[in-house]
Amino acid sequence: MSILKKILRESLDFDSIFKMPFISVIKKNKMEKLAKTAKVQGFRPGKVPAEMIEKMYGDSLNKEILEDAVVNAMEKINTDYKIDYVSKPQVDIKEFEMDKNLVIHLEYEMLPDLSKLDFNTINLEKHKVLI
């Protein structure tokens, strides 16, 4: 997985590129888990062929692969860059096909940097309230 980083004023943008072998490993692991628990007529539990599992669970399998890739990218970004963000990132899938690379765009909204502010230069006006 490679990560490209862009720094904007109040947000951080990352583009994560997952190569096809990485996606294949995730897919293989998911299919092996499903094969152990899938119940299909004519097959013993745990003995369902991979092609049959891919036909039956294709869409949900792709969604799980995407979820795992996004979580993996977020964990890697958080450990590598140690960023303070306000909320979970906005995720945009730029490119995804099972036999090609996966490109994910993550946009983090950042906490403002208050260390550069000089609070001694701020003038406040006090108002008196008559009751």
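## Basis

Residues are numbered from 1 along each chain as its sequence is written, and side-chain values use heavy atoms, without hydrogens and water. In this predicted model, local features need pLDDT of at least 70 and side-chain atom pairs count only at pLDDT 80 or more, while totals for chains, interfaces and linings use all residues.

## Helix H1

Helices here are DSSP runs of H or I with at least four residues, and strands are E runs of at least two, numbered from the N terminus. The expected span of a helix is 1.5 Å times one less than its number of residues. For the 18 residues of H1 this gives 26 Å, and the end C-alpha atoms are 26 Å apart, which agrees.

Buried means under 20% relative accessible area, with exposed over 50% and partly exposed in between (1.4 Å probe, protein chains only). In H1 the buried residues include Ile23, Lys27 and Leu34. Strand S2 (11-18), H2 and strand S4 (102-109) are among what covers the buried residues of H1, where contact means heavy atoms within 4.5 Å.

## Helix H2

A straight helix of 32 residues would span 46 Å, but H2 (residues 50-81) spans only 38 Å between its end C-alpha atoms. H2 bends by about 80° at Tyr57; the bend is the angle between axes fitted to the seven residues ending there and the seven starting there. Among the buried residues of H2 are Gly58, Leu61 and Ile65. Lys82 follows H2 and has a positive phi, near 45°.

## Where they meet

Residues of H1 that meet H2 include Phe22 and Met31, and those on the H2 side include Tyr57 and Asp68.
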